[in-house]
Amino acid sequence: MASATILPLSVESLAFSTGDVTVLSEISFRVEAGSRTIVLGPNGAGKSVLLRLMHGLLTPSSGSVRWAQNDEALFRKAQAMVFQRPVMLRRSVRDNVEFALRVAGNESAAPAAATQALEQVGLLHLADRPARLCSGGEQQRVALARAWAIQPEVLFLDEPTASLDPAATKAIEETISAIHARGTTIVMTTHDLGQARRIADRVLFLHHGRLIEDTSADIFFQQPQSPEAAAFIRGELLW
Amino acid sequence: MVKKNLNQPSPFAKKSRLRVAAFLGMTLLTVSQFDGVGVAHAQDKFIVVASTTSTQDSGLFGHILPLFKAKTGIDVRVVAQGTGQALATARKGDADVVFVHDKVAEQKFVDEGFGIDRREVMYNDFVIVGPRSDPAKTAGKDAIAALKKIEAAKAPFASRGDKSGTHAAELRYWKAADIDPQSGKGTWYRETGSGMGPTLNTASAMNAYAFTDRGTWLSFKNRGELTITVEGDTKLFNQYGVMLVNPAKHAHVKRDMGMQFIDWLTSPEGQAAIAAYKIEGQQLFFPNYVVLKKAA
Amino acid sequence: MNELGDSFRIAWQLVASFDANLVAITALSLRVSGVAVLAASFLALPFGAWLALARFPGRQGVIAVLNGMMGLPPVVVGLLIYLLLSRAGPLGALGLLFTPAAMVIAQALLIFPIIAALARQVIEDAWGEYREQLVSLNANRSQCMRALLWDTRFTLSTSVLAGFGRAIAEVGAVMIVGGNIDGVTRVMTTAIALETSKGDLPLALALGVVLIVMVVLINLAAQSIKTTSMRKHG
């Protein structure tokens, strides 16, 4: 069942602007299989835009986003994304997960895979509850179950716990670890230093749309190369 | 509540298929109740008769059609329009039989080959109605004189103005009185462009004179200040004719059933039924079918 | 004012005695408009969804025309269908003129733009909220359309009801293509027109009262179904 992997992802000279505003410029890096990459930076740095460019929701103004496989169908199917605000369909929790599976072409195995995914995130007892009636934390876990079920190679997460309380945040982080343990590469944005410290093994630090640092997590938190990164880690406001 | 089988297939996928099936079934069931949905049912015996609103409003059809159906089992579907529109409907082949009251237009219809076997069936009469106070002093038996008085007094007059048989008759009387009513257009002569009932509504609201058939007047309930001022003038008699839409022009015309209706209308039985129809004890329609001697 | 009082009294008498004529006319009104709204929705909802998601040159023009057609005069639609279905017209051989089927067709045509235009707006608004997630999941156009149609079903039901209201209230189209034939194509609105033209205003008004009450009841029922569903499904 081993299909060709879409990693590593090469981002080269990526730039993005809307109207007159340059959001990102001259971004280049690689994402290797199995890593837990955190895109860190103050609000407005361009983290969400970068994530969407990598996932294919936005088209670059210049530069390229290149997967190891050229086949678009292949590399689209091998990714999933969880957004800051979960988008739940107006149906049950289970149906939300099965929807993702059916769309991925997995019709017959959908019920079993959905059950397993819900079990993994601890939501099986809510399987038949209307998803929109669940709490924010529960909905985010449904989104993760959705992602878990389709077994992507790369999971993008855009500030997934920004609007959640600490208990819910812990649950989400544990699920992300489990997903990573199963072999999925994680690429996540956050402005929460603590979360970055807990999860990252590699950090991309963005500021004003530029990639300021690209290092392993250890080096970044102990010996940041740039003054901006140092200031950020100290907790200062960067503008 | 413990779920026994956690691997049940999602109810949604099944539900949507069921929903589609239910909708289709329901539509088919409903549509199947309709008559004439392009599928000919052997047991659907009906003909379409184009007639006039004044005939329908008089209530005559409600009286005679059940008798006809009881005898022959044929459903007569009356589409009631103005005479002009009824003849247009028949000309296009959208009716099987025409039953109107404008001899001149009917004759033209036959001459143009659209109608065959025209027979005179019955007549009713027209009356002139007006405000109780009768400002133009029209009361009496002379229709032409009344119209002259109305024009002289410039008294408000509501006309149908809709190319109907009644309207055509009204215009003939104005002509006989040597008056062009259009000279009063917009002032005392008001054309409503609508049927007898709406025109009487307008006359009632405006306290105007109007020219109407007795049948509509007797069943009209919104009289206000209006009453009959002129009646009994033999010139006011209104002849009804019936004819079959020519099957040579429209092959789908239901010739047999149409002729059964025409035959019945002109039979002693049908003629008696027409005579028997009364409103407030008054006979409205006077049967006058006479077997024409064959032209030599 | 007296007439109004008379009308309510007559209306009550008709309803309480299950007047056979009233029942038949009401049933036909419901059947014709009901089937018309179902048929129109069946086509208009997917069309609205497709238009909401499609991008092509001239799209704004199509939307403007569709919105404009919400104001189609019923009598004009009736005339067009009449010319089509008349024996002298292209579809005359179907023999549909002066039958309830013709009325269904005319009404369905009349309300298609209403349902489609409203659906398009509703789904385009929802698409703004759902787009990124659905694209991320690699849902194709058709899967997106179906997901959005189902998700916006409560709002869509309001547009369907709007279409039904328009259909059951109109008189111009059904008068022309149906012919107001007693027992065959006479519906509530054409019956009201007939009684008015006969000068029997209290009866006409009474029928009007029955029609309004019926439409209000239908809307109340739909609203309560919607509220309970929304509470259950979020």
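Which hand does the crossing of α5(C) and α7(C) have, left or right? The crossing is right-handed, where right-handed means that the near helix is turned clockwise from the far one by less than a right angle, and left-handed means anticlockwise.

**Before you select anything**

This is a predicted model: local features need pLDDT of at least 70, side-chain atom pairs count only at pLDDT 80 or more, and totals for chains, interfaces and linings use all residues. Residues are numbered from 1 along each chain as its sequence is written, while chains are lettered from A and ligands numbered from 1 in the order in which they are written.

**Stop 1: α5 of chain C**

Helices are DSSP runs of H or I with at least four residues, strands are E runs of at least two, and both are numbered from the N terminus. Of the 37 residues in α5(C), 28 are buried. Buried means 20 or more other C-beta atoms within 10 Å of the residue's own, exposed 12 or fewer, partly exposed in between, with C-beta atoms placed from the backbone.

Centre on Tyr130(C). Here α5(C) bends by about 60°, the angle between axes fitted to the seven residues ending there and the seven starting there. Then go to Asn138(C), which follows α5(C) and has a positive phi, near 65°.

**Stop 2**

Axes are lines fitted to C-alpha atoms over the stretch in contact, and angles run from 0 to 180 degrees between N-to-C directions. Angles under 35 degrees count as roughly parallel, over 145 as roughly antiparallel, 65 to 115 as roughly perpendicular and the rest as oblique.

Show side chains. On α5(C), the contact includes Leu110(C), Ile114(C) and Leu118(C). On α7(C), look for Leu156(C), Val160(C) and Arg166(C), among others. Contact means C-beta atoms, placed from the backbone, within 7 Å. By class, there are 11 nonpolar, four polar and one charged residues. Nonpolar covers Ala, Val, Leu, Ile, Met, Phe, Trp, Tyr, Cys and Pro; charged covers Asp, Glu, Lys and Arg; the others, Gly among them, are polar.

**Stop 3: chain C meets its partners**

Show chain A beside chain C. The contact takes 15 residues from chain C and 18 from chain A. On chain C, α5, α6 (141–151) and α10 (201–233) each give two or more residues. The largest share, six residues, comes from α5(C). This side of chain C has five nonpolar, six polar and four charged residues.

**Stop 4: chain A**

Select α3 (93–103) and α4 (110–120) of chain A. They pack at about 125°, with axes 9 Å apart. That makes α3(A) oblique to α4(A). Their crossing is right-handed. Val97(A) and Leu101(A) are among the α3(A) residues that take part, with Ala114(A) and Leu118(A) among those from α4(A).

Finish at Ala181(A), in helix α6 (166–181) of chain A. Ala181(A) is exposed, because 8 other C-beta atoms lie within 10 Å. From its C-alpha, the C-alpha of Ile212(A) is 29 Å away.

Key
Contact = placed C-beta atoms within 7 Å.
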